[in-house]
Amino acid sequence: MNRAAKIGLAGTCTALVVLGGIGAYNLVHAMTSGPRGDAQAKAARTFDPSAVSSTPPTDAEAVKLTRAFLDNWSKQQLGGAAGDTDLPDAAAQALRGYADGLHLNKLSFAHLRSEGPSTVTPGATKVTFDVTAQVADGAWRYPSAVAVRKSTDGVLAVHWNNSVLYPGLGDDQSLTAGKLPADATTVKVVAGDGKTNLSNFASLRDITATIRKNAKPTGGTPGTGVAVVDGTGAGVRTLKVFSKGRAAVVRTTIDARLQAVAETAVKDAHLQGKPAGTVALDWRTGHILAIAHTGADGDIAINGIKSPGSTMKIITSAALFDQAGLTPDSPAPCTDSLMANSQTFHNDPGVRANPGSTVAQAFAVSCNTSFIKDGFHYLVHDGDASALHDEAVNVFGMGSWSIGGGVATTNPSIPPDVQGGDQAAQFIGQGKVTATPLFMASVAATVRGVGFEQPIILTGQHQQTAPHPISARTAGYLQSMMRGVATSGTAAPRLGGLAGVGAKTGTAEEGDHTNGWLTAYDSRIAVSSLVEGGSSGVDSAGYVVRHLLTGK
């Protein structure tokens with residue numbers, strides 16, 4: 001990047017932007033008029049800024065002074081030009097910065113014209129003109145203006161501010177010419193294919209903006225032209241392009257084809273416009289392949305923190321296998337209702353009582369009472385109900401994740417110190433248990449991949465590890481049970497017949513309505529969906545998940 005000298009100026013500046021017509025003034029290279037010219041300029045200047053006349057100069061007076069100012073500037077007699085202003089020291093510094101930052105070779109002015117009293121600067125007459133600057137790599141033309149004021153003793157002066165150099169230029173800004181500075185708005189955030197721009201997807205626009213701002217791009221070549229930079233040299237805006245560069249790129253893990261499917265899936269007609277969110281992961285790597293959502297409350301796919309309902313039974317089952325030594329064939333009686341810590345729990349409609357039910361059978365039909373009974377019996381000890389929390393953290397990697405690029409996600413929560421009815425409710429994903437589709441997709445991915453791979457959206461991003469990898473035994477049990485849910489259990493109406501699919505449905509009560517969940521995997525991806533107001537997991541989130549698993 002070419003050095004852009006800072007054009008400093010204290011005080012309030014007013015931008016004057018306008019067009020106009022007469023004369024031409026040329027040339028540069030000499031940086032000052034020399035000691036004699038500076039002395040003459042200072043001696044001649046007697047403008048008193050504290051005694052400004054309320055009567056604007058005449059058009060002829062304003063044009064004559066502006067002509068003298070521009071003539072000195074064009075010849076790079078900067079002491080003389082600065083002496084024609086009401087802030088000569090600041091003007092001299094700014095004029096030198098202008099020449100240095102632009103690598104100025106020649107400067108000319110044309111179409112000088114008075115526009116009458118200024119509507120911005122009280123007691124001033126506005127004079128407009130066109131500027132042609134021969135700068136590094138080309139010629140730059142633009143309109144500018146000055147305000148000419150008169151002191152009470154009749155002395156004229158150009159009212160100085162940085163907008164004299166370029167309309168709207170701020171006090172803390174300067175101009176540069178040559179290689180254009182990096183500008184975050186020109187960085188392309190693309191899918192894993194290296195080509196598809198993520199801003200093309202409605203659900204990813206905010207994520208794209210965040211990544212563009214925070215992630216380090218690669219490749220790209222700068223163009224040449226003129227730009228405004230701030231005090232640190234960072235690009236503010238490009239004013240003129242002489243040659244186009246190639247945008248730098250941030251490549252993400254998003255699968256463009258699957259993202260397009262996800263965008264359609266969350267708008268499935270069966271949802272009747274209800275807010276929905278979904279996340280798909282590569283269960284081998286933890287790479288986020290798709291994020292899509294609808295609704296007015298933000299991205300519920302990664303920040304929609306809700307009770308996950310019976311999808312939590314995946315973690316409950318894992319805790320029963322790991323911490324209590326149970327198997328899918330262990331008893332798990334399914335009763336119509338159950339009292340736990342003075343709170344009565346029921347099953348969802350359609351779940352039949354089965355006193356001889358096993359863990360696998362209770363999982364397939366999503367019997368709440370089975371998991372509350374076994375959870376209390378095996379996982380709560382002397383009032384300590386932290387077993388589910390420990391399983392989620394140690395095996396499924398629950399914690400504070402950074403998926404990369406500064407993209408914020410909401411952390412799931414399974415409190416380790418729940419009391420009363422919440423001790424029972426946690427085992428069926430209710431009470432104080434909360435999760436997001438992102439987390440529940442990761443839960444399914446951990447089961448299918450036989451190991452936790454923290455979700456990320458940028459390759460190379462640090463991935464948190466789980467303290468205790470899921471055992472092959474537990475993963476095998478869960479895969480078998482989740483396969484049963486997809487083929488003949490609660491997810492079968494949507495996912496039955498799909499090869500290699502394992503799933504778990506969930507319906508969670510929230511106030512006066514329910515939310516539908518479905519978490520699943522196949523041989524390629526793990527996916528989870530939440531539909532706010534969904535009557536059940538299979539009849540709401542089930543439609544979204546099916547789109548992603550079938551790819552259409």
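Student: Where is S342?
Tutor: In this predicted model, S342 is in the loop between β13 and β14.

Student: What is its phi, roughly?
Tutor: About 70°, so S342 has a positive phi although S342 is not a glycine, and with a relative accessibility of 74% it counts as exposed because the cut-off is over 50%.

Student: And N341, which loop is that in?
Tutor: N341 lies in the loop between β13 (337-340) and β14 (343-346). Its phi is near 50°, again a positive value in a residue other than glycine.

Student: Switching to rings. How many aromatic pairs are there?
Tutor: The count comes to 12 aromatic pairs. One of them is F109 with F129, which is edge-to-face, with 5.7 Å centre to centre and 80° between the planes.

Student: Where do F109 and F129 sit in the chain?
Tutor: F109 is in strand β2 (residues 106-117) and F129 in strand β3 (residues 124-135). They are 20 residues apart, so the pair links distant parts of the chain.

Student: Buried or exposed, F109 and F129?
Tutor: Both F109 and F129 are buried. They also belong to one aromatic cluster with F69, W73 and Y98.

Student: What about W140 and Y142?
Tutor: W140 and Y142 form a tilted pair, 4.2 Å centre to centre with 35° between the planes. Both are buried.

Student: Which charged end sits over the ring of W283?
Tutor: That of R284, 4.4 Å from the ring centre. Likewise, the charged end of K504 sits over the ring of F363, 5.5 Å from its centre.

Definitions and conventions:
Residues are numbered from 1 along each chain as its sequence is written. This is a predicted model: local features need pLDDT of at least 70, side-chain atom pairs count only at pLDDT 80 or more; totals for chains, interfaces and linings use all residues. Side-chain values use heavy atoms; hydrogens and water are left out. Rings of Phe, Tyr and Trp (its six-membered ring) pair if their centres lie within 6.5 Å; planes under 30 degrees apart count as stacked, over 60 as edge-to-face and the rest as tilted. Helices (H or I, at least four residues) and strands (E, at least two) are DSSP runs, numbered from the N terminus. Buried means under 20% relative accessible area, exposed over 50%, partly exposed in between (1.4 Å probe, protein chains only). A charge sits over a ring if NZ of Lys or CZ of Arg is within 6 Å of the ring centre and within 35 degrees of the ring normal.
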